[in-house]
Amino acid sequence: FYPAIAVTGNEIGANVLQTYIVRVQKPEQGTFSTEKDLERWYHSFLPATVSKSPADDHHQSRILYCYKNVMSGFAARLTAEEVKAMETKKGFISAHVETYLGTHTTNSPKFLGLNQNSGLWKDSNLGKGVIIGVIDSGVKPDHPSFSDEGMPPPPAKWKGKCELEGATCNNKVIGVRNFLSSIGEPAVDDMGHGTHTASTAAGNFVSGANTFGLANGTAVGMAPLAHLAIYKTGNGKHQEGFQSRIAAAIEAAVQDGVDVIWISYGSPPLAFYDDPIASAAFTAVRNGIFVSCAAGNKGPDPSSSTNGAPWILTVGASTTDRSIVASAQLGNHATYDVEILFMLVNFTSMQLPLVYPGGRNSSAAFCLPGSLNNIDVKGKVVVCERDGNMRRNETEYYVKEAGGAAMILISDKFDAYSAILETHVLPAVQVGYATGESIKAYINSTPSPTVAILLRTGNKKSAPEVASLSARGPNKVSPGILKPDIIGPGVSILAAWPSSQENITKTKATFEIADGTSMSCPHLSGIAALLKSTHPDWSPAAIKSAIMTTADIVNLEGKPIINNYNLLPADLFAVGAGHVNPSKTNDPGLIYDIQPDDYVPYLCGLNYTDQQVQTIVDHDVQCSKVPSIAEAELNYPSFSIKLGSSPQTYNRTITNVGEANSSYTHQIVAPEGVEISVQPNEISFTERNQKVTYSITFTRSQKTSASYAQGYLSWVSTQHTVRSPIAVSFE
């Protein structure tokens with residue numbers, strides 16, 4: 001047994017009950033053969049006063065979850081004093097107060113090049129037989145997107161449960177587990193997030209899908225014939241217990257037999273041994289399950305990306321080529337492009353009175369509750385500035401309540417070109433910060449300002465762009481691993497919604513347009529399911545490599561992908577390897593594979609102790625006997641290095657999954673101020689699954705004023721380009 005490592009948590013009082021995730025040494029093999037034995041082992045760590053008496057008024061156990069697969073330990077309601085008493089017990093490793101984790105399509109398939117009778121959809125049979133586990137806010141199982149028409153029964157390996165009340169599972173939604181049942185929360189989704197993301201990943205075909213006439217078309221997920229296993233861990237209201245529930249959900253998903261896990265929550269930048277999602281995801285990967293997580297919505301701030309473990313696919317958000325826009329024509333004939341938040345088809349095109357209430361007080365500038373009460377806005381188009389603490393449709397509600405006819409919402413500076421569609425209850429459009437300043441200047445220039453809003457639609461050739469909300473690198477926890485890994489569609493995504501939303505026309509819709517990395521990540525989860533169907537022998541790392549090395553680094557115009565908040569080229573800390581291109585992922589030519597045990601030298605190289613590494617990999621590790629490696633030495637499909645005056649050399653091993661007889665030569669786009677050499681110059685294969693190792697050396701060629709530079713290494717054959725991004729930070 002090992003002594004205590006650390007106890008971390010909030011210093012809020014020794015006698016206040018909080019949920020702790022407790023890590024303990026794994027019992028000796030054979031000592032505890034049943035789940036009851038394991039529960040008794042975990043219970044033995046509780047102080048005697050807790051283990052021998054009821055824990056609360058409901059006489060329920062203090063232990064909330066017992067983990068068997070994803071970690072050795074449990075989640076329990078404890079006080080700081082009780083945790084301190086546990087530190088001296090043999091086998092205790094650590095305990096920390098869990099953290100609340102926030103949750104982070106008719107056009108997407110076409111934009112991504114997915115066609116029903118060709119390419120990846122045809123080769124994968126639309127993901128038939130693959131099971132996607134969705135860890136989110138539940139699901140609305142009777143939504144048309146979850147019809148099981150044309151669906152086969154679940155595969156024989158499926159061991160899950162259906163915990164729905166008043167509804168049943170089917171061949172599409174084959175299982176539902178509810179981790180909020182202890183607080184009386186039903187398994188059915190009442191928040192919307194889980195229904196939206198599940199249908200994005202694997203919703204069935206639904207024709208005529210739209211939200212109040214916008215984005216009309218056929219809604220379908222990335223893997224329409226894949227099965228869905230739903231794990232409800234939150235609903236936006238009950239924040240307590242998120243980390244422990246998510247770990248329990250991953251544990252259940254591993255036991256149930258899923259192939260892909262999509263997690264909608266983001267961990268703060270914790271060391272991997274203190275991050276329950278990272279360690280639980282590692283167990284899933286060790287069991288051959290592909291795990292994807294959202295990068296988070298804290299962009300464009302640097303180092304805002306979450307879920308930075310290298311065994312997780314971390315996904316950022318991009319725009320698509322669909323643009324539902326309008327023009328705002330001011331009374332002085334100045335015309336500006338605006339994006340529609342909500343618009344009635346028959347909304348008047350006549351000039352209407354225009355008002356900016358911000359001249360009265362700062363609250364009115366944001367149209368906060370009650371701020372418009374003494375301002376004449378009735379029948380006028382009201383200009384409001386964006387308040388980051390309020391949803392757009394909340395702002396709109398207060399305008400409508402005050403009698404406004406429509407709203408123009410001004411983004412803040414970082415959201416200048418990032419207007420996001422939502423379902424609204426008042427005709428509303430959004431403009432960038434600079435346009436908003438021009439509109440306000442016009443209002444101040446005339447006693448009778450007016451505006452007409454003219455509806456039109458179009459395609460954006462500059463797509464994809466990186467959404468301003470998409471979290472950026474560098475990776476705080478492991479800077480030598482480039483994050484996010486990839487970007488995918490996450491702006492203005494139409495997908496299933498659990499309740500019939502009603503607007504001012506008294507019409508209802510069961511689809512909603514939403515944005516965020518929580519919308520982009522299920523696209524990648526569905527694509528991973530397609531690859532799992534076509535390549536059942538590929539490891540999670542192989543699937544990840546295929547997605548990353550085939551990504552696009554230019555937009556539809558053939559120009560570099562840009563940030564949509566400043567229209568400047570996006571760097572690798574925004575795009576990762578680039579924008580996902582599903583049609584290329586099925587035949588990447590070469591892959592960078594990583595087996596679970598390959599992460600041990602990497603973790604030891606992070607200077608983690610033996611015990612800390614063991615909490616992640618769940619088996620004995622002695623780093624002194626392991627040839628530890630630098631982060632950049634991990635066989636990852638991208639490079640993120642810190643370069644000083646001395647050259648740095650790293651090795652990579654690539655596996656041939658293309659033609660048996662094939663040759664590749666390398667092409668380098670060197671980062672500014674860096675010289676790169678690769679040996680050998682050419683690699684050749686004579687059979688499939690053959691492996692070849694190459695070395696790459698980085699040398700500072702000249703001093704630059706920049707602290708960062710980027711480039712690419714590509715291995716090119718007559719049929720394939722296998723591209724790895726290179727991010728270099730200068731010391």
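View 1. His 193 is buried, with a relative accessible area of 11%, where buried means under 20% relative accessible area, exposed over 50% and partly exposed in between, for a 1.4 Å probe and protein chains only. The model shown here and in the other views is predicted, so local features need pLDDT of at least 70 and side-chain atom pairs count only at pLDDT 80 or more, while totals for chains, interfaces and linings use all residues. Residues are numbered from 1 along each chain as its sequence is written, and side-chain values use heavy atoms, with hydrogens and water left out. His 193 belongs to helix α6 (residues 193–202), and Ser 518 to helix α12 (residues 517–534); helices (H or I, at least four residues) and strands (E, at least two) are DSSP runs, numbered from the N terminus. Ser 518 is also buried, at 0% relative accessibility, and its side chain makes a polar contact of 3.2 Å with the side chain of His 193. A polar contact is a pair of N or O atoms within 3.5 Å; within protein, one must be able to donate a hydrogen and the other to accept it, and residues adjacent in sequence count only if both atoms are side-chain atoms. An unreviewed UniProt entry lists Asp 136, His 193 and Ser 518 for "active site". Although these positions are spread over 383 residues of sequence, they cluster in space, with a largest C-alpha distance of 9.8 Å.

**View 2. The crossing of helices α8 and α17.** The axes of α8 (residues 276–286) and α17 (residues 610–617) come within 7 Å and cross at roughly 60°. Axes are lines fitted to C-alpha atoms, for helices over the stretch in contact, and angles run from 0 to 180 degrees between N-to-C directions. The contact, meaning heavy atoms within 4.5 Å, is made by Ser 279, Phe 282 and Arg 286 of α8 and by Thr 615, Ile 616 and Val 617 of α17.

**View 3. Pro 596 in a loop.** Pro 596 lies in the loop between β24 (590–591) and α16 (599–605), and counts as buried at 19% relative accessibility. Not counting residues up to four places away in sequence, Pro 596 touches Phe 282, Val 285 and Arg 286.

**View 4. Thr 655 in strand β26.** Thr 655 lies in strand β26 (residues 648–656), and is buried at 4% relative accessibility. The side chains of Thr 655 and Lys 691 are joined by a polar contact of 2.9 Å.

Technical notes
UniProt positions renumbered as here; feature names shortened; annotations may be inferred.
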